[in-house]
Structures are given as C-alpha cells and as structure tokens.
Amino acid sequence: NPEQPGAYELALKYARENDAEVILVCDPDADRMGVGVKHNGDYVVLTGNQSGSVEIEYICSQLKEKGLMPENPVMFNTVVTSDLGEKVAKYEVTHEKNYVFGYEESYGSLIKPFVRDKDAPQACLMLAEAASFYKQQGKDLVDVLDSLYERHGTYEESQVALTLSGEAGANRIKEILADLRKEA
C-alpha cells in the first residue's frame, strides 16, 4: 500500500545502494502507485496529490507542445473512484468532453481510460517518462512540484491510515458501519 511508509523501505534501501533517481512502488493489485524522488541528495516520497499534480502538469504540457490537446479536455480528481468509470463513459459517448487524466489522493491514477479503473502500470510509465523529460531540463519531480506551488500556491495535506486487524478489528469495523447506517 503506497499510503503506508513501510511500502518504501526496501525500495529506498535499494535506491540508496544504487543511486536511483526515482522509486516507483505499486500495491498488490497494481491500481495505485507511490513515488519517491531523489532530491538534493535524499529521497522525498510524494503524496498521491503531489504525484497526480506532477502527472497532469507533464501530460498537459506535452499535449499542448505537440498540438495534441483535445477540444474540451477534462481531468477528474475524486476522493473515491467509484464514479470515475461512469463519468468517463458519459463523456466518451456524448463527446461533450475529452478525457485527459484522472487521479485521487490515495495514489490512484488513470492515464488512458481503456482500463476503467486506477492503473499503476500506466502511471509508472508516465512518471518514468516525466522524470526522464525533466531530468533533461536539469530538474527532478520535486522541482516540478515546487514550480507548481510557485504558480498555484502551496497546499497543506495530511492523511491517516487506520489498520484494524484480527477479530477485534473486524468487530470494530462492524460497529463503525452500524453507526453510519443509523445516521443515514
């Protein structure tokens, strides 16, 4: 799970031993991708919001530069992805908008909508391509993120991951869900 710091332990160890510039990690079902970037001699792990922002910056800049930006482009960012497939399908049928990118804060990205869900392999390839592109300009992905903050302002964000395991955890989850159902 890219949201858990432990997901990066082995990748960071390997990166330090081999002077890697970028770390890409995926969850077991390959729908979310985490990113670590060597910046000023140390590794910075980006949040899902940050890596998504870098991805959309790269994608849009390249589409514009190559004259390939579609008419009425649309980018989706959601807290949960359950509505993404429906929204993408609607626009593809009506051609009211043209899908360009989608992402969420929990490290899910969708580059091309043929998958219809978050897709870490596409995101990994896109981030690797972006890292290579910006390296040729003397920048890393944190530099790109910093330039986005300069243009658009900074954003404070945090995330809490709660793990409830075993029988006690299952019981606590049932209690929480029962309370939510009562309120609904």
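**Exercise 1. Helix packing**

Which crossing, left-handed or right-handed, does α2 make as it passes α4?

Solution. The model is predicted: local features need pLDDT of at least 70, side-chain atom pairs count only at pLDDT 80 or more, and totals for chains, interfaces and linings use all residues. Residues are numbered from 1 along each chain as its sequence is written, and side-chain values use heavy atoms, with hydrogens and water left out.

Step 1. Locate the helices. α2 covers residues 48-65 and α4 covers residues 120-135. Helices (H or I, at least four residues) and strands (E, at least two) are DSSP runs, numbered from the N terminus.

Step 2. Take the geometry. The two helices pack at an angle of about 70°, and their axes are 10 Å apart. Axes are lines fitted to C-alpha atoms, for helices over the stretch in contact; angles run from 0 to 180 degrees between N-to-C directions.

Step 3. Classify the angle. α2 and α4 are therefore roughly perpendicular. Angles under 35 degrees count as roughly parallel, over 145 as roughly antiparallel, 65 to 115 as roughly perpendicular and the rest as oblique.

Step 4. Assign the hand. α2 passes α4 in a left-handed crossing. A crossing is left-handed if the near helix is turned anticlockwise from the far one by less than a right angle, and right-handed if clockwise.

Step 5. List the contact residues (contact: heavy atoms within 4.5 Å). α2 contributes Ser51, Val54, Glu55, Glu57, Tyr58, Ile59, Ser61 and Gln62. α4 contributes Ala123, Met126, Leu127, Glu129, Ala130, Phe133 and Tyr134.

**Exercise 2. Cysteines**

Find how many disulfides the model holds, and explain the case of Cys26.

Solution. Step 1. Set the rule. A disulfide is a pair of cysteine sulfur atoms within 2.5 Å.

Step 1. Cys26 is partly exposed, at 38% relative accessible area. Buried means under 20%, exposed over 50%, partly exposed in between (1.4 Å probe, protein chains only).

Step 2. Count. The total is 0 disulfides.

**Exercise 3. Asp27 and Ala7**

Solution. Step 1. Asp27 sits in the loop between β1 (22-26) and β2 (33-39). Ala7 lies in the segment before α1 (9-18).

Step 1. Check accessibility. Asp27 is buried at 7% relative accessible area. Ala7 is partly exposed at 31%.

Step 2. Look at the Asp27 side chain. One of its polar atoms lies 3.0 Å from the backbone nitrogen of Arg32.

**Exercise 4. Positive phi**

Where in the fold do Asp19 and Tyr107 lie?

Solution. Step 1. Asp19 is in the loop between α1 and β1. Its phi is near 55°, positive in a residue other than glycine.

Step 1. Tyr107 is in the loop between β5 (98-104) and β6 (109-110). Its phi is about 75°, also positive, and Tyr107 is not a glycine. Tyr107 is buried, with 8% relative accessible area.

**Exercise 5. The whole chain**

Summarise the protein chain.

Solution. Step 1. Count elements: 6 helices and 6 strands. Their order is α-β-β-β-α-β-α-β-β-α-α-α.

Step 1. Size the trace. The C-alpha atoms span about 55 × 50 × 30 Å along the principal axes.

Step 2. Take burial. Of 184 residues, 36% count as buried.

Conventions:
Polar contact = N/O pair within 3.5 Å; in protein donor to acceptor, adjacent residues only side chain to side chain.
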